[in-house]
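This report covers a single protein chain, its confidence values and the surroundings of one residue. The chain is shown first.

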Amino acid sequence: MKQKLKVGFFSVLLVFAMLFSVFALAACEPTDDSSGSGSNTRPPVTSDTGSSGSDSSGGDSSGEEDDSMREDLGADAVEYKFEAECCVISGTNTECTTGCEAQVPENLMPSGGLYVMKIDSDGSVDLTFEIWAETAGPAVLNLCMGRSDKDVPISNMFVIQINGAQQRSDVVYKTAEEVRYYEWQEQDICKFDLVQGKNTIVFSKMQQGSVGMNFDYMKIVTESKVEWNSEHEAGGHNYNWSITAPDTSTAGMATGYCEYCRDYQEVTLPSLSEENGYTRNAEGNDVTWTYTVAEIVTKDGPATFTFNTKLNSQDFRFECETMVLKNYADSIMPNDTVRYGTEGNNPSGGLVVMGMNNADGSITLTVNATADTTAAFILCIGRQSASYQFNATHTLTVNGEQATIADDVVIASANGNTWVDWAEYTIAEIELREGENVIELRNNSANPGAENSAPSGNMDYFTLRVYDDTTVLTQVGAITPEA
Ligand SMILES: [Zn+2]
């Protein structure tokens, strides 16, 4: 790839060797004497040189030339930059592409990190910029090109059309002084009129001979507000972020390019804490941290970064057969493998609580907590033949207050051995206080007298998952079951 580029530019050299030294007026960087390059046998080149090459070596006058192009733009005219790598490349030249070659010197890196290269390879190339303008008005087109191994008149490189009208320019990019192709130089090219709304600027590669420079960006100087048409239609920037995530002790970093304008943003993401400006949201042991940077406004509002962490957790298991039971038909049963003849489906502790289909049947656990804490209430249940929504049939209270059981807590139907197909379900998140806590699971939709007709299931154990690594839970008043 690199080799091809070099060959391309050298072939260019043979065709147009050192043109237009007489038109040095157009160069922003004055060169008093261009004779050192040794080439003075140049073919004439068609060009509209309205002002003729009257000023061959005046740095000052070239400055005046630039200024005059901007003279009538109005006092509030400012420069808007449009990266060439964001334009639409079309045509038969398949080598013309967006990139940044490895040999670009560190101090000559292009704006936005990329440029358009190999414009001079075989085939046609159209580089199309669709720009939206808030108001109509005069503007100046400025191009930043990487100077080549010869003087390149911009008119030998491109036909420039703005809203269908061909633009004329005498501007010449002089031979690079030291580093060919990457000595970036901005020059005002022509003055034109923006129309309100979409403006289409097309740079078409000249077919006669190949004259190539790398193309870094285009600027429009105007009093109107202008931006990429795609960005305007999207409603603002759209950054593609590359993120090194922070954690609770280390800061991270986000770098982003807007896909429309290649605006570059670098954001330090402090370590995860509310003191550092994060919004913290915990659900179970999943914590979501949200960081908003108000100064970076995207099409979706201020730039927002979210990160997830997990809290430490401890599980405390309590067997249902050791709890206080009320209104049970057959209460505790021994190892269900005996009753159902399904060896290998033994419940935890060898026993379960049955018959919870009785009206107001309940199981009550009392635990002592060494600190106030939040816990997940997890139930191990022997599933039955049909699935059911748990909050339609059961109520969970903690210290007399009803816990919220989400509608999506659904006990699935048994996968195989009905009633002894043990499975854990996270039923609710509950708050425990330091000291004793009374946790009651109640059946509130029983159908007395019709055994097994109401949705329930055999109750094996409760697990309380505490989201810290210090709190200790111990059962109070555990009953020794009779097997
Ligand atoms: Zn943008």
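The model is predicted: local features need pLDDT of at least 70, side-chain atom pairs count only at pLDDT 80 or more, and totals for chains, interfaces and linings use all residues. Numbering starts from 1 along each chain as its sequence is written.

The chain has 6 helices and 34 strands, taken as DSSP runs (helices H or I, at least four residues; strands E, at least two) numbered from the N terminus. Of its 483 residues, 36% are buried. Among contacts with a separation of 6 or more, 78% join residues 24 or more positions apart; a contact means C-beta atoms, placed from the backbone, within 7 Å.

Mean pLDDT (the predictor's confidence in each residue, from 0 to 100) is 81 for the chain, and 78% of residues reach 70 or more. Helix α1 has the lowest mean among the elements and strand β5 the highest.

| Element | Residues | Mean pLDDT |
|---|---|---|
| Helix α1 | 2-15 | 34 |
| Strand β5 | 126-133 | 98 |

Residues 333-343 stay under 50 in pLDDT, with 24 contacts beyond four places in sequence in the model.

Leu311 lies in the loop between β20 (301-310) and β21 (314-319). Leaving aside residues up to four places away in sequence, Leu311 touches Asn285, Val287 and Tyr467. Ala282 is 29 residues from Leu311 in sequence, with 9.0 Å between their C-alpha atoms.

Terms used. Contact = placed C-beta atoms within 7 Å. Buried ≥ 20, exposed ≤ 12 C-beta atoms within 10 Å, placed from the backbone.
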